[in-house]
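I opened this notebook page to look up the disulfides of the chain. My plan was to go through them one by one.

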Amino acid sequence: MAPQRPSGSPLDKAGLGIKLLGTSVLAGILVAGVALPAVGALGLTAKDTADSFDNIPDDFKTPALSQASLIYDNKGGLIAKVYDRDRTILTKDQMAPVMRQAQVDIEDSRFYEHGAVDLKGVLRAVTKNAESGSAAQGASTLTQQYVKNVFVEQAGDDQQAFLEATRKSLGRKVQELKYAIKLEEELSKDQILTNYLNITFYGHQAYGIEAASNRYFSKSAKDLTIPEAAMLAGLVQNPSAYDPVLHPKAAQARRDTVINKMLEYKHITPDQAKQALAAPLGIKYQEPQNGCITAQSGMGFFCDYVRHVVKQDPVFGKTAADRQKLWSQGGLKIYTTIDPDKQAASYKAVTTKVYAGDPVSAAISMVKPGTGEILAMAQTRPYGLDANKHETVLNLNVDASMGGGNGFAPGSTFKPILASAALENGIPITQSYPAENKIPYPTMSTCDGTWRNTDGSTVENESKSEVGPYDMNTAMAKSVNTYFVELGKDVGLCPMRKMTNSLGITTRASGATIPEVPSAILGTLEVSPLKMAAVYATFAARGLHCDPIAISSVLSAEGKKIPVPKANCSQAMSETSADGVNTLLRSVTEKGTAANISLDGRDFAGKTGTTDNRYAAWFDGYTPELAAAVWLGGPTGNFSMRNVTIGGVRRSAVYGADGPGPIWQMAMREAVKDLPSTPIQTVDIPAPQPTDQPSDSPAPPPTSGVIGGNANGGLVNGGFTLPPGVIGGNSGRPTKPGHH
């Protein structure tokens, strides 16, 4: 619809040749004329202006515009559109011709006739300003306005840079003029107009005509009608004053002005103008929602996690500034690992078993063994900023550095890490200890020396009836605290720390260093559900640990592939050691503290955990195909889950088996229903050696030591006593708070 550019009048030709006069008095007069009488008040001369003109560098570059990025799940479904600036860049052919014409007619009707400077417009402005005694009327061309918008775009969120870019000064006008001249030499008029329509701000966080069209009319810019195009074109001069949502009468009056201009310049017919003027505004407004808030099935937290990955992982840029620039410029297509079906199952489980308004929350992460792919990440409370709706943006599944909090003590779900270190360092799975009900913490070796119990601190089991001796399998099934502390003495805190690191936990969730202390054996150091899901995925993958990954591929705005973070898979322990841990954890689910949890006949393993004072409860478990960790507790910590109503059910006390366990069961049953059912790799545990006691006589109490033999028990694996009847288990629940 735009007219062809005519040859123009002598004044227009002078405008086209203004570059040749850049150092002349004419350049100074042109710019001074726009700001008259401010120039005189500043004491500036035409020569000053010409000198400034010459001193401006010629290296003006059109920036890569910030636009929205799209995040997809692993089946190609759109999770969210995220942006620093809501913009989608269009080509000329993707814009309705009437929109292009409306913008020209109201902003710069002679755009296709003049050069970088509209000399007729300048003379008109000079006259009007002289008559009024102020700079009431400007003469900036659409090209000059585009240059100004480029400066605003480059300023980004830097308020000082924005104020400088929008400052009305002689120097700024001179700079805009010179760069406008350069642009007119390098780009066609159509290219400049297309760039202008892509960069311009239309209010309500809409940058560019596509975002504006979607914001106000819920349609693409290629489908705009005459009255719709006229309204949007009129917004540019003052998006606040002509806001059709807040000031519909002003917006309609401004729209009608644009329609009349289009009629005046014969770009629409009288009938078209009549119909357009009679049409209502027809606003179908869509509230701007920056990205992750729009995600469904609780994926807002995962969406936010993806944002943190892009902004923090060095693969997306060497410096934080580089990564921020990549994210801010946007235009990315980010394909993630999240499985929409498993996500839906996880979200349903946490929101069914725990209500958003409950005093506690629940969180679940699912990880694919052997790949590190995050397949689900859900929590009870919705993603958002409205506290009255119990919304939060705190991602309870991840570490603080990735948008989470300071984590939660994992309780007994940490014990398998010590067991892994023990088996990997040659301690047999049949290892037995006295495991008395209460013992002082023993002296333990560390990476740098020795930990000593200087204050007489003790550890005790959950029930008075829990008195050893126990072997590792029974101790894991019953979650016997004193057994694992004794095991830690023989293993040493350094091997346990190294195993913890190998399993992907290198710091606490807060980022603090992991201390080498015996209490860590019982799960007192705060971690995140995602990290624990990755630990248990390692067991499922027979010792192959993979860092959790959220992104499978990324395409740039130009359609080029961008490198993404790798899972860095490595063997954290031997397959034999991992199979031993699998054996221990399957005992937990078959005859131990998690015997109440089932998976429709499918082979699975896992571990319960409940911290002191019932501040947190866990169940972490897996099949060979999928691992998941569930946490339940106060989102800000230190809420005791006693005499509490959760999900409409009153509970006297919460345990790992009856709090997070049912959440895990509900989510996993749905998540694995279409996966193959394969057995977990285990090891055979030798039966206890027969004793010398008659079969119908009870065995006497074991001696206090386990080294050197026992006439009442068999000696295996270097002399460690296995008492009769240790193979078995206990499906009973702990009777007092602790680490089960």
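The entries below follow the cysteine pairs along the sequence.

I worked on a predicted model, in which local features need pLDDT of at least 70 and side-chain atom pairs count only at pLDDT 80 or more, while totals for chains, interfaces and linings use all residues. Residues are numbered from 1 along each chain as its sequence is written, and side-chain values use heavy atoms, with hydrogens and water left out.

Entry on the search. I looked through the whole structure for disulfides (a pair of cysteine sulfur atoms within 2.5 Å) and found three. With the bonded cysteines numbered in sequence order, I noted the pairing 1-2, 3-4, 5-6.

Entry on Cys 292 and Cys 303. I found their sulfur atoms 2.1 Å apart, and the link is left-handed, with -75 degrees about the S-S bond. Cys 292 lies in the loop between α14 (270-278) and α15 (300-312) and Cys 303 in helix α15, so the pair ties together parts eleven residues apart in sequence; helices here are DSSP runs of H or I, at least four residues, and strands are runs of E, at least two, numbered from the N terminus. Both Cys 292 and Cys 303 are buried (under 20% relative accessible area, with exposed over 50% and partly exposed in between, for a 1.4 Å probe and protein chains only).

Entry on Cys 447 and Cys 494. I read an S to S distance of 2.0 Å and a right-handed link with 95 degrees about the S-S bond. Cys 447 is partly exposed at 33% relative accessibility, whereas Cys 494 is buried at 12%.

Entry on Cys 546 and Cys 569. I again read 2.0 Å between the sulfur atoms, and the torsion about the S-S bond is about 115 degrees, so this disulfide is right-handed.
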